[in-house]
Amino acid sequence: MIVISLALILVAVVLLVFGLAGGSSSLLVVSIAASLLAAVALVAGARQAATGRGSVSGGAPPRDPAGPEPGIPAQYAPATGDTGDVGWRQPPGSPASSPVTGPRVADADGYDDEPAAQEITVAQAARVARLSAEVRVVDGRPRYHLSECPHLVGREHEPLPVAEAVELGFTSCAHCTPGTTLLSESGRR
């Protein structure tokens, strides 16, 4: 559409020049009509391009200048669409919780039965993010869980390395406390 608008602008300029040089009012009217069509095509092309960019990139979340510290994965993930890949998982929305602000209100994510996020320190979050232990996630829910968590009963869930779960924006479940449990298990090895 943008190419079409550029071509229409070129046609409008040529018609304007010939209309002014030849004193033809009909060429001037056609020049004005071509200019209007070019403007419509340009606006339509710009909207189409913006829609295409928005659906492909999903828009990156704004970076919080106050945190997190380097080496600590952010507790959110960019809004993405289902790529069709096997194993695609994404927690809903922006941060479910952070060690600084605490858990999000349950109704904010639309799930009354969602457990709160486990409160862990920034240092603990950084150590958990480096672990390779396996946790469980429910697609579309913001928490990661231990395999024996009662919250998983009756829900379709899948295994995921805890480092990847944290990177994708999942947060630790306050009910089964995988953050502290995995840290204590890693200290015993």
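Trainee: Of the contacts with a separation of 6 or more, how many are between residues 24 or more positions apart?
Mentor: In this predicted model, 64% of those contacts in the chain join residues 24 or more positions apart.

Trainee: And what order do the elements run in?
Mentor: From the N terminus on, you go α-α-β-β-α-β-β-β-α-β-α. That gives 5 helices and 6 strands.

Trainee: How much of the chain counts as buried?
Mentor: Of its 189 residues, 31% do. The accessible surface is about 11300 Å², and carbon and sulfur atoms hold 63% of that surface.

Trainee: Which helix gives the most to it?
Mentor: Helix α1, residues 2–22, with 5 residues. L6 lies in that helix.

Trainee: Is L6 buried or exposed, and why?
Mentor: L6 counts as exposed because its relative accessible area is 52%, and the cut-off for exposed is over 50%.

Trainee: New topic: where does C176 lie?
Mentor: C176 is in the loop between β6 (171–172) and α5 (178–188).

Trainee: Buried or exposed, that one?
Mentor: C176 is buried, because its relative accessibility is 11% and buried means under 20%.

Trainee: What does C176 touch?
Mentor: Leaving aside residues up to four places away in sequence, C176 touches H145, L146, C149 and T181.

Trainee: And how far apart are C176 and P150?
Mentor: They are 26 residues apart in sequence, and 8.0 Å apart in space from C-alpha to C-alpha.

Note on methods:
Residues numbered from 1 in each chain as written. Predicted model: local features only at pLDDT ≥ 70, side-chain atom pairs only at ≥ 80, totals over all residues. Heavy atoms only, no water. Helix = DSSP H or I, 4+ residues; strand = E, 2+ residues; numbered from the N terminus. Buried < 20%, exposed > 50% of the residue type's maximum accessible area, 1.4 Å probe, protein only. Contact = heavy atoms within 4.5 Å. Areas by Shrake-Rupley, 256 points an atom, 1.4 Å probe, with all protein chains shown as cover.
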